[in-house]
Amino acid sequence: MRAELRSKIIEVCDKKIAAKGDNVGLSFYAFFANKNDSPQLLMEAATWWIQTHQLDHFVKAHKIKQMIQNGL
């Protein structure tokens, strides 16, 4: 996964946790605007989320952040 996407994921997780608490869940769509202006990044995130790690639709933000920080 490219550094740009890793950075964005951590940023979004931090914002969601700060706004809604440590128990907040999110899907990979949370990292993109409603208007998809970057289909390649969306597919990269979807592949990482669905195919590589077989995550559920909603996962705790702190878990996703930890996975990214661990280089998964």
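## Salt bridges

Searching the whole of this predicted model turns up three salt bridges. Let's take them in turn.

Arg2 pairs with Glu44, their closest N and O atoms being 2.7 Å apart. Because Arg2 sits in the segment before α1 and Glu44 in helix α2, this pair ties together parts that are 42 residues apart in sequence. Arg2 itself is partly exposed, at a relative accessible area of 36%.

Lys65 and Asp14 meet at 2.5 Å, N to O. Here the partners belong to helix α3 and helix α1 respectively, so the link joins parts 51 residues apart in sequence. Asp14 is partly exposed, with a relative accessible area of 32%.

The salt bridge of Lys15 with Glu11 has an N to O distance of 3.2 Å. Both residues lie in helix α1, four residues apart, or about one turn of the helix. Residues three or four places apart point the same way because an α-helix has 3.6 residues a turn. Lys15 is exposed, with a relative accessible area of 54%, while Glu11 is partly exposed at 41%.

## The two sides of α1

Which residues of α1 are buried? They are Leu5, Arg6, Ile9, Val12 and Cys13. These residues cover an arc of only 130 degrees around the axis, which means that they share the same side of α1. Their packing partners are β1 (25–26), α2 (39–52) and α3 (61–69).

Turned away from that buried side is a face with the exposed residues Ala3, Glu4, Lys15, Ala18 and Ala19.

## Length and end of α1

Just after the helix, Gly21 adopts a positive phi of about 100 degrees.

Terms used: Residues numbered from 1 in each chain as written. Predicted model: local features only at pLDDT ≥ 70, side-chain atom pairs only at ≥ 80, totals over all residues. Heavy atoms only, no water. Buried < 20%, exposed > 50% of the residue type's maximum accessible area, 1.4 Å probe, protein only. Arc of directions from axis to C-beta. Contact = heavy atoms within 4.5 Å. Salt bridge = Lys/Arg side-chain N within 4 Å of Asp/Glu carboxyl O.
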